[in-house]
Amino acid sequence: MLGHIARSLGRLQLLQSSLPSIRPVSTMALWPFSSQPRDFSQPNSTWSPEMCKVYDHYNALCDTDTENKERKRAPWRKLPSYNRSIKYATGGIHLSKMIKAQARLFTRNIKEQGATFEYVVFVNKEEKRCVCVFQAGHLLEGAPGYVHGGAIATMIDTVTGTLAGFLSGPIMTANLNINYRNPMPLGSVVLIHSALDQIERKKQFITCKVTSTDESKLYTEATALFVSISVDHLFGSQN
């Protein structure tokens, strides 16, 4: 009996030695070290029916792949949302693979789905505008029952910056001017509309408004100024 067990253990050890070593899940590094980046803008179980309905509406206006594996062109494109802001920029997904940093975009660093910033951005490159479908989680409360003004400002900065980065590459916020018109109920779903107003060399001027999904109620208006920047510092360059 003991001999049988010993032989079984020997075969198990031989099998283990022939397999590639696998690190425990708890010690695996997240993207950009992973070859499969997670898209945080995909629907999940915390999205309300209203959030899913608006998502489906805009997603139907986006580019799609046909059965013949051909690209069907449409005016809108859904932007994936990763946990590093550099991926939003033109060519950023490739650049981020080269930069092995553990920095995280803080709107995407909460493991609990639905607790904070649930959003997806759709962009229309021809019209130089975008719309974000945003659902505010319970951890974003300011005044009881309403979304914190700082959380709204964060989303405006994120969405307008996403548009500016998509159009011109890496950018940084130079000015953000916000007017709050009505309090936003916690847990509500809103649209964040952003559009390019004008370009002056390295400067991009963006307008923005936050409305209810039927656009009948205005919550917030804003203007933003973004400036194109170099990312040489990410590679250790001092220039």
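Predicted model: local features only at pLDDT ≥ 70, side-chain atom pairs only at ≥ 80, totals over all residues.
Colleague: How many aromatic pairs does a search of the whole structure find?

Modeller: The search finds five.

Colleague: Why is the pair of Y58 and W76 called edge-to-face?

Modeller: The ring centres of Y58 and W76 are 5.7 Å apart, and centres within 6.5 Å make a pair. Their planes stand at 75°; an angle over 60 degrees counts as edge-to-face, so the pair is given that name. The two residues come from distant parts of the chain, 18 residues apart. Y58 is in helix 2, and W76 is in the loop between strand 2 and strand 3.

Colleague: What makes Y58 and W76 count as buried?

Modeller: Buried means under 20% relative accessible area. Y58 has 11%, so Y58 counts as buried. W76 has 6% and is therefore buried as well.

Colleague: What makes the pair of F117 and F134 stacked?

Modeller: The planes of F117 and F134 are 20° apart, and under 30 degrees counts as stacked, so the term applies. The distance is 6.3 Å centre to centre.

Colleague: Which residues form one aromatic cluster?

Modeller: The cluster is made of W47, Y55, Y58, W76 and F122.

Colleague: How do you know that K78 forms a salt bridge with D39?

Modeller: The closest N and O atoms of K78 and D39 are 3.0 Å apart. The limit is 4 Å, so the pair qualifies. K78 is in strand 3, whereas D39 is in the loop between helix 1 and helix 2, 39 residues apart. K78 and D39 are both buried.

Colleague: What makes R181 and E221 a salt bridge?

Modeller: Their closest N and O atoms are 2.9 Å apart, and the cut-off is 4 Å, so they form a salt bridge. R181 is in the loop between strand 6 and strand 7, and E221 is in strand 9. At 44% for R181 and 30% for E221, each is partly exposed.

Definitions and conventions. Residues numbered from 1 in each chain as written. Heavy atoms only, no water. Phe/Tyr/Trp six-rings, centres within 6.5 Å; stacked < 30°, edge-to-face > 60°. Helix = DSSP H or I, 4+ residues; strand = E, 2+ residues; numbered from the N terminus. Buried < 20%, exposed > 50% of the residue type's maximum accessible area, 1.4 Å probe, protein only. Salt bridge = Lys/Arg side-chain N within 4 Å of Asp/Glu carboxyl O.
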